[in-house]
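Thanks, everyone. Let me put the model up, and then we'll go through helix packing, the chain contact and the domains.

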Amino acid sequence: MINWKVILNIARTHLLTKMKSTVTASLGVTFGIGAYITLVSFMTGLNEMLDSLILNQTPHIHIYNEIEPSEKQPIALYQEFEDALNVVRSVKPKQSQKKIHNGLPILNYLKKDKKVYGATPQLRAQIFYLSGSIELGGNLVGVDILEEARLSNIGDYIVEGTAQDLKNSENGILLGAGLAKKMSLKEGDRVQVSTIKGDVFPLKIVGIYQSGIADIDNIQSYANLKTVQRILGEAQNYITDINIKLYDINEATTMAKSLGKQFQVKATSINEANAQFETGSNIRNLITYAVSITLLIVAGFGIYNILNMLIYEKMKDIAILKATGFSGIDVQLIFMSQAMIIGALGGILGLVVGFVLSRLIDNVAFVTEALPTITTYPINYNIWYYVIGFSFALISTFVAGWLPSNKARRIDPVRIIRGT
Amino acid sequence: MEFVLETKNINKYFEKPVEFHVLKDISFGIKKGEFASIMGKSGSGKSTLLYILSTMDTDYTGELYLNNELITGQNHNKLSQIRNYNIGFVFQFHYLLSEFSVLENVMLPAKKMAEKSLAEIEHDAMEKLRMLDIEKLAHQRASRISGGEKQRVAIARALINNPAILMGDEPTGNLDSHNSENVFSIFKRLKEEEGLSLLIVTHDDDFAKRTDRIIQMEDGRILD
């Protein structure tokens with residue numbers, strides 16, 4: 001029969017009278033857990049930021065028309081040459097359009113699909129930006145800007161002007177930040193663009209776009225889909241790309257395959273497009289786990305040490321308790337409950353310390369040219385880190401308390417009383 | 001007359017540092033209400049015997065009976081319970097829990113037994129302290145009182161569960177003559193007024209002579 005009231009009362013008295021050891025032991029837990037929370041929040045925050053930098057600019061599925069040679073050259077269709085060895089030199093790409101055939105019906109079909117969060121049409125055009133006698137090569141992407149802003153975080157990267165400004169303007173352009181700098185242009189100015197065929201169009205700069213990736217900002221600009229279609233002299237069904245965002249990113253690969261077959265187009269999923277990127281982010285996660293496990297283990301050893309000392313100091317008490325009728329289990333429970341109280345107190349305090357440190361880091365300014373939307377260091381406030389941290393505080397104090405308290409349970413009171 | 005405590009052929013060996021036969025065929029009994037003392041030189045095995053009798057040491061051969069019930073071979077939990085219910089123990093070095101108050105020290109074994117309400121236990125503990133004339137110390141920390149007082153507190157603690165027998169391992173060994181006398185008269189009074197059985201290991205001739213019976217030990221045997 002276990003009398004919890006008596007056991008907890010003894011544990012409490014021990015803890016309160018040895019305030020210094022109690023506080024030291026709890027602080028050991030606190031620092032371990034606090035450091036774990038801070039580090040994990042900070043590192044995963046950074047990881048997520050880097051991930052989103054790439055991932056948010058990549059659609060889950062990208063549909064376009066690849067310019068490539070026919071898989072079967074015409075000669076293969078001739079029955080007379082069936083058994084012959086046919087060699088075709090200087091194979092040319094198949095004559096086809098850049099636009100997606102039946103683009104608008106495909107778009108409508110996708111928008112009705114339940115797995116699809118959204119699909120946007122794009123028209124990518126090769127153009128030249130004219131600045132006096134200088135011609136800068138680049139892209140102009142015609143988009144449905146409001147839909148684009150809903151599906152991706154393009155809105156975050158418009159550093160001057162807004163997506164709505166572009167929507168409202170017939171011949172507006174969101175100029176890439178690198179281009180704007182090169183040509184000394186700013187919002188409200190006009191820029192002339194020329195198509196490959198040589199037609200020149202004046203466009204009004206309604207905003208500046210800065211993705212943080214210099215290679216993009218130096219060549220790419222955005223305009224309304226209709227504007228680009230007009231510049232190219234194409235009809236309203238002329239689109240070259242469809243970007244799809246799914247509800248579940250994990251379905252991207254299989255869906256990309258089936259779409260490619262169904263519509264005879266090239267469809268690539270985000271996983272194919274960013275394979276090496278995923279490896280990098282996996283390794284970063286691995287490092288995060290390794291560091292946090294190390295931290296937690298170090299904290300665990302600290303707890304073990306202090307509890308061990310606490311129990312050695314109390315040897316005489318153990319003998320008295322046993323002599324007056326407390327069983328080994330009672331004695332073990334007395335020390336285990338001390339360990340668990342230390343673990344719980346230190347753990348809770350550790351969560352608070354971790355949260356406060358995270359908040360501090362979250363408020364430290366972090367300004368970089370490459371990331372226009374980031375103003376402070378990123379922190380990932382994931383409730384799970386707090387749950388894991390607190391569970392570990394309890395588990396490690398349990399283990400750290402178990403070993404010495406088990407010794408206390410077994411110890412022979414006669415040996416202590418005799419002083420041998 | 002009935003025995004409260006009885007041993008049959010108890011033998012014990014120490015194995016370290018060399019094998020040594022400490023107790024040789026110990027058979028004797030303590031009657032109900034008897035005040036017995038064990039005397040003997042250092043190393044004669046008297047403390048070792050007492051630890052076996054108190055059930056704390058289980059590494060022996062032979063049989064030990066308490067209230068005619070065989071104790072030998074019981075598991076540790078059962079033995080703790082037996083100690084808690086039936087045996088009061090007083091050590092040479094007072095051995096109080098220094099962080100607790102005097103009253104809490106006395107109450108602890110009764111709280112462990114958990115057969116009475118807290119109020120009853122506290123009342124009993126105050127009763128025992130009053131009997132030993134130290135009730136004014138009840139709320140002092142155990143580490144703040146004098147040696148003689150500590151020993152009286154330890155006696156009060158040993159008595160709190162109204163044990164069948166009270167054992168002492170040189171309870172006066174560390175006290176001056178005045179306090180020794182005090183402790184002896186307490187024991188005497190307990191025997192006469194409460195009919196308590198007592199078994200005290202002692203070095204003190206004067207103390208032993210005034211008990212009902214002296215058990216002399218030499219080289220692990222009882223001399224008659």
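One convention before the helices: a crossing is right-handed if the near helix is turned clockwise from the far one by less than a right angle, and left-handed if anticlockwise. This is a predicted model, where local features need pLDDT of at least 70, side-chain atom pairs count only at pLDDT 80 or more, and totals for chains, interfaces and linings use all residues. Residues are numbered from 1 along each chain as its sequence is written, while chains are lettered from A and ligands numbered from 1 in written order.

Start in chain B. Helix α3 covers residues 102–113 and helix α5 covers residues 147–159. Helices here are DSSP runs, H or I, of at least four residues, numbered from the N terminus. The crossing of α3(B) and α5(B) is right-handed. Their axes lie 7 Å apart, at an angle of about 30 degrees. Axes are lines fitted to C-alpha atoms over the stretch in contact, and angles run from 0 to 180 degrees between N-to-C directions. So α3(B) and α5(B) are roughly parallel, the word for angles under 35 degrees.

Who touches whom? From α3(B), B:V102, B:N105, B:V106 and B:P109; from α5(B), B:V153, B:A156 and B:R157. Contact means C-beta atoms, placed from the backbone, within 7 Å. By class, that is five nonpolar, one polar and one charged. Nonpolar covers Ala, Val, Leu, Ile, Met, Phe, Trp, Tyr, Cys and Pro; charged covers Asp, Glu, Lys and Arg; the others, Gly among them, are polar.

Next, α3(B) against helix α4, residues 118–131 of chain B. The angle is about 125 degrees, and the axes are 9 Å apart. On α3(B), B:L103, B:V106, B:M107, B:A110 and B:K111 take part. They meet B:I121, B:E122, B:D124, B:A125, B:K128 and B:L129 of α4(B).

Now the contact between chains. It takes 19 residues from chain A and 21 from chain B. On the chain A side, α1 (4–17), α13 (315–323), α14 (328–362) and α16 (413–418) each supply at least two residues. Helix α13(A) gives the most, with five.

Last, domains, with bounds from an automatic or database assignment. Chain A divides into domain 1 (4–55 + 277–418) and domain 2 (61–72 + 92–273). Their C-alpha centres lie 52 Å apart.

Technical notes: Angles under 35 degrees count as roughly parallel, over 145 as roughly antiparallel, 65 to 115 as roughly perpendicular and the rest as oblique. Two residues are in contact if their C-beta atoms, placed from the backbone, lie within 7 Å.
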